[in-house]
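Me: I have a structure to go through with you. Can we take it piece by piece?

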Amino acid sequence: MTEEELENAKLCRSRDEVWSIFRRAVSYFCGFATANMVLKLACKYLVFGDKKKYSSLVNWCISFFHSIYASYLSVKAFFSLNNKELLHEVFIKYKHSNFTSYKIEGFRDQLLPWTLAYFCWDLIDMPISGAGFTASNTLHHVFGAMGAMLVIAYGKCQPFAFSAIFAEINTVFLALRAICRDPLVLSLFFGSSEVSLLDGPLVYKLINVLQYCSFFLSRIYMHALGLKQSILFALEEYRM
C-alpha cells in the first residue's frame, strides 16, 4: 500500500472508532432512561404514589449510580500500569506533547461515553424532576457534554477532561448524602422527615466526612492540577 492509502485506512479506522464510542454513549443514555423509568414505577406502585415526592429522589439515585461506575473507571485508569506516568509526567510536570496527546487507557472509550450519556440524560430529567435544576447546573452539563464530545472526536487533551471527571468520586458521597437527607427516606427509616442527620446513625456522619475528604482530593487537588496544566498549555499556545 502507498503512504496515501495507509493514511486513508488509518483515517477510516479512526472514524469507525469515534462512531463506535458515540454509539456506546447512546446505549448508556437508553440505560439511564430505563433505570429512571423502572425506579419511578417502583416508587409509584410500591412506596410513595405521588410523583412530585419521589422524582427528586430518583434523580439523585441515578446520579449515585452514574458516579459509582464513573469513580470505578477513574480509579482503575489512574492506577493502571499502562497509565503509570499519568500523575508525575502529565499532571505534576508540564510538557506540551504529554498534555495534548497522552492517551489514558480506558478513558476515551469507556469513561467518556458513560459520563456523556449521563450529562445528556440529566439535562432532560433535571427540569422534569426539579432536582438541581439551576442555570449553573445546566451550563455545567452543557459544557461538560460538549467537552466530552470534543475529546471523543479528536482524542486530544484527555488529561484535562480526566481531571474534571475524576471529581465524580466526590459525587458518590454528595448523591448518597442527598438520598439520605431526602424527606421520603427519612420518613421510611425514622418515621419523620424532620430528623437531622446529626442525630442519625454513625453511617450518616461517616458519609459527611467522606464527602468532604473526597471533595478535597478530587475537586480541589486533582482538578486543580488539570487546571494548572491547561493554563500553562494556553500560555504556550498564545506565545507560539
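Me: Which residue does Asp-125 form a salt bridge with?

Reply: Lys-40, with the closest N and O atoms 3.6 Å apart. A salt bridge here is a side-chain nitrogen of Lys or Arg within 4 Å of a carboxyl oxygen of Asp or Glu. This is a predicted model: local features need pLDDT of at least 70, side-chain atom pairs count only at pLDDT 80 or more, and totals for chains, interfaces and linings use all residues. Residues are numbered from 1 along each chain as its sequence is written, and side-chain values use heavy atoms, with hydrogens and water left out.

Me: Where do Asp-125 and Lys-40 lie?

Reply: Asp-125 is in helix H5 and Lys-40 in helix H1, so the pair ties together parts 85 residues apart in sequence. Helices are DSSP runs (H or I, at least four residues), numbered from the N terminus.

Me: Are they buried or exposed?

Reply: Asp-125 is buried, and so is Lys-40. Buried means under 20% relative accessible area, exposed over 50%, partly exposed in between (1.4 Å probe, protein chains only).

Me: How many salt bridges does the structure hold?

Reply: Two. Glu-17 and Arg-108 also meet in a salt bridge, at 3.5 Å, N to O. That pair links helix H1, with Glu-17, to helix H5, with Arg-108, 91 residues apart.

Me: And why does Glu-17 count as partly exposed?

Reply: Because its relative accessibility is 40%. Arg-108 is at 12%, so Arg-108 counts as buried.

Me: Back to H5. Where does it bend?

Reply: At Leu-123, by about 30 degrees. The bend is the angle between axes fitted to the seven residues ending there and the seven starting there. A proline, Pro-127, follows within four residues. H5 covers residues 107-129, and Gly-130 comes after H5 with a positive phi, near 80 degrees.

Me: New topic, aromatics. How many pairs?

Reply: The search of the whole structure finds 14. Rings of Phe, Tyr and Trp (its six-membered ring) pair if their centres lie within 6.5 Å; planes under 30 degrees apart count as stacked, over 60 as edge-to-face and the rest as tilted.

Me: What about Phe-78 and Phe-166?

Reply: Their ring centres are 5.7 Å apart and their planes at 50 degrees, so the pair is tilted. Phe-78 is in helix H2 (residues 51-78), and Phe-166 in the loop between H7 (158-165) and H8 (168-181). Phe-78 is buried, and so is Phe-166.

Me: Which residues touch the most other members in the largest nonpolar core?

Reply: Leu-86, Phe-107 and Phe-162, out of 39 residues. Such a core is a set of buried Ala, Val, Leu, Ile, Met, Phe, Trp, Tyr and Cys residues joined through side-chain atoms within 4.5 Å. H5 gives the largest share, nine residues.

Me: What does Phe-107 touch?

Reply: Not counting residues up to four places away in sequence, its contacts (heavy atoms within 4.5 Å) include Leu-112, Val-151 and Phe-162.

Me: Last one, Ser-214. Buried or exposed?

Reply: Ser-214 is at 6% relative accessibility, so Ser-214 counts as buried. Ser-214 lies in helix H10.

How values were computed. Helix = DSSP H or I, 4+ residues; strand = E, 2+ residues; numbered from the N terminus.
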